[in-house]
Amino acid sequence: MKNIFWLALIALVVGGILGFTVLSFRSLAPNTIKETSWKTNLQIGMSSESIFQKALRTKVGVFALPKEEVVYFMVDKDDEGNSLNADDKYEITGIAPATKIWSITMYDEQYHLVQNSIARYHFNATTLNVEQGETYSFTVSREKLIGNWLPAPQKGGFLLCYRVYQPPALFFPIQSSTLPSIRKL
Amino acid sequence: MRSRVILFFLLVGLGYWTFLYAYPYVVQMAFELKIGKERNTLIHSKLPSPSTPDTPNPDFIYTLVFYDLSNGNLRLTGKIPDGLDYFSIAFYESNTFFYQLLKPQDFKESHFEVILSEMQDTKVTGNMVNVVSPSKTGTIIFRYLCKSQRDTNYISEMQKKSFLTLMRNDE
């Protein structure tokens, strides 16, 4: 009887460690958008969201809103599928979505805004000065640049989060062409 | 022996799912500890900075409430900011899961009045909105879109005009 108790306890602990490990190795939302490196979770606030999706979302972006209000896309890889790295320089290009409020924000690997000398953590329609449907572009790099420059961390990897608030009905189903491109320069 | 192996793997699965189920509750507790403020108080923040935890949106100024309905319902009142492109009040369960969102169009007047309760409140009238919480505790998040320094000052004024009152069970 005593043996079974210890066996059960060890099994539960192993299961818990397994859950922790699986969650630790996932840094983004669970669903990949085809032909891109961007990931999202459109089940936020819905009963169809699985326990795993809920746990992962809590880790990546706690207190999220449902897709009717905002769609969150996250990426830690460039268009070629290589991890985003502070040692490299990237050009982000896209078409401003048909909504007033959207942004692309950089986070470090601990999901914090990236400390930098000009306190610039993101770009949005106002800071890029673009209207809906217009093309925008900015550069991510550690070294200081003139123009639309988003400072990268001093070292390590980083993530980008693209938020689209109050997306129009036409935004769904999400097409890869509506998501920003991330090209290593 | 075979039944023990099966039992072992079943319990591993149970441990795995229990961890995933419990994880959001732990995150909520850790978040409250990190913020370090008592429940049922309005916690006004400034624009997020690199020290702000958990993927904040730098476009927003937040007001947070970690609520506890053990001693009665909560009454939230305040002015609806009319000079901003975005304002909302979101409600989350004790495990951080979203359950309701209120926006300016949900109120008939230029101010908001929300009764947060565990059961439907029959005394709610007029401009009041009753939000029924699925759990005794949870989090409320006000999101104010901030596009300029002028907005920052305006939002600060709006935050000062928001109030939270505990309505004792005997009221």
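A residue is buried if 20 or more other C-beta atoms lie within 10 Å of its own, exposed if 12 or fewer, and partly exposed in between, with C-beta atoms placed from the backbone. Helices (H or I, at least four residues) and strands (E, at least two) are DSSP runs, numbered from the N terminus.

Residues are numbered from 1 along each chain as its sequence is written, while chains are lettered from A and ligands numbered from 1 in the order in which they are written. As the model is a prediction, local features need pLDDT of at least 70 and side-chain atom pairs count only at pLDDT 80 or more, whereas totals for chains, interfaces and linings use all residues.

Back to Tyr162(A): setting aside neighbours within four places in sequence, Tyr162(A) is in contact with Trp38(A), Phe73(A), Ile104(A), Leu179(A) and Pro180(A). Contact means that the C-beta atoms of two residues, placed from the backbone, lie within 7 Å.

Now for chain A as a whole. Chain A has three helices and 10 strands, which run α-β-β-α-β-β-β-β-α-β-β-β-β along the sequence. The C-alpha trace spans about 70 × 40 × 30 Å along its principal axes, and 37% of the 185 residues of chain A count as buried. Take the contacts in chain A between residues at least 6 apart in sequence: 68% of them join residues at least 24 apart.

Strand 5 of chain A (residues 102–108) is mostly covered, with six of its seven residues buried. Strand 5 pairs with strand 9 of chain A in the antiparallel sense over seven bridges, and Ser103(A) has Arg163(A) as its bridge partner there. Strand 5 of chain A also pairs with strand 6 (residues 122–124), again antiparallel, over three bridges; here Thr105(A) is partnered by His122(A). Two strands count as paired if DSSP finds at least two bridges between them.

Over in chain B, an open sheet of five strands has the order 1-2-8-4-5, with antiparallel pairing. Strand 1 (43–44) and strand 5 of chain B stand at the edges with a single partner strand each, so one side of each is left without a neighbour in the sheet. Within this sheet, strands 4 and 8 of chain B pair over six bridges, and Ala90(B) in strand 4 has Ile141(B) as its bridge partner in strand 8.

Between the two chains, 39 residues of chain B are in contact with 44 residues of chain A. Helix 1 of chain B gives the most to the chain B side, with 17 residues. That side divides into 25 nonpolar, nine polar and five charged residues, where Ala, Val, Leu, Ile, Met, Phe, Trp, Tyr, Cys and Pro count as nonpolar, Asp, Glu, Lys and Arg as charged, and the others, Gly among them, as polar.

Helix 2 of chain A (residues 51–60) meets helix 1 of chain B through residues including Phe52(A) and Ala55(A) on one side and Trp17(B) and Leu20(B) on the other. By class, this contact has nine nonpolar, one polar and one charged residues.
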